[in-house]
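Subject: Structure handover

Hello,

Here is the structure we spoke about, with notes on what was found in it. Please read the notes with the coordinates open.

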Amino acid sequence: RRVVSTQSTGNLSYNSPDGTERRPVIIHRAVLGSLERMMGILTENFAGKWPFWLSPRQVMVVPVMPMFNQYATEIREKLHQQHIVIDTDLDDGCTLNKKVRNAQLAQYNFYFCCRGEGEKTQELLTYVHVTT
């Protein structure tokens, strides 16, 4: 959208290169304004919980025990190759509930747990369903 303003809002003038006094014309172009408005509407509509296709935080993989950190990292690499935004919480100082709660507060769409040796050998994950 382009707006050319020729209204006289003051006694403005400038000297042109040829020495004559001229009145300035303001050209306003609002390319980012509409984009910013749309992002504001989407943020308000989704209340910060973006849909999966638009979310900057799509999946969090949480290993139950430190011995499954390597498997969680392998899962992260495989899903990252599929263009999924994925993180792993490898903090050994946090409990499983704390890791899931941190992912929930960070607005991840999905939380997966690496729970046992059986999942690791069969290359499975457990989906954690959290109700708010």
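The accessible surface of the protein chain comes to about 9800 Å², and 55% of that belongs to carbon and sulfur atoms (Shrake-Rupley method, 1.4 Å probe; for residues, only the protein chains shown count as cover). This is a predicted model, in which local features need pLDDT of at least 70 and side-chain atom pairs count only at pLDDT 80 or more, while totals for chains, interfaces and linings use all residues. Residues are numbered from 1 along each chain as its sequence is written, and side-chain values use heavy atoms, with hydrogens and water left out.

Overall layout. The protein chain has four helices and eight strands, taken as DSSP runs numbered from the N terminus (helices H or I, at least four residues; strands E, at least two). Along the sequence the pattern is β-β-β-β-α-β-α-β-α-β-α-β. Of the 132 residues, 24% count as buried (under 20% relative accessible area with a 1.4 Å probe, protein chains only; exposed is over 50%, partly exposed in between). Among contacts (heavy atoms within 4.5 Å) with a separation of 6 or more, 57% are between residues 24 or more positions apart.

Cores. A nonpolar core here is a set of buried Ala, Val, Leu, Ile, Met, Phe, Trp, Tyr and Cys residues joined through side-chain atoms within 4.5 Å. The largest one has nine residues: Val59, Val61, Phe68, Tyr71, Ala72, Ile75, Ile86, Phe112 and Cys114. Two or more residues each come from β5 (59–63), α2 (69–81) and β7 (110–114), and α2 gives the largest share, three residues. Leaving aside neighbours within four places in sequence, Ile75 is in contact with Val61, Ile86 and Leu125. A second, separate core has eight residues, including Met60, Val62, Ala103 and Tyr111.

Strand β7. Four of the five residues of β7 are buried, so this strand is largely enclosed by the rest of the structure. Strands count as paired if DSSP finds at least two bridges between them. β5 and β7 run parallel and are joined by five bridges, with Val59 opposite Phe110. β7 and β8 (residues 126–127) run antiparallel with two bridges, and Phe112 stands opposite Tyr127 in β8.

Helix α1. This helix (residues 31–46) has 16 residues and reaches 24 Å from its first C-alpha to its last, close to the 22 Å expected (1.5 Å times one less than the number of residues). Just after α1, Ala47 takes a positive phi of about 55°.

Regards
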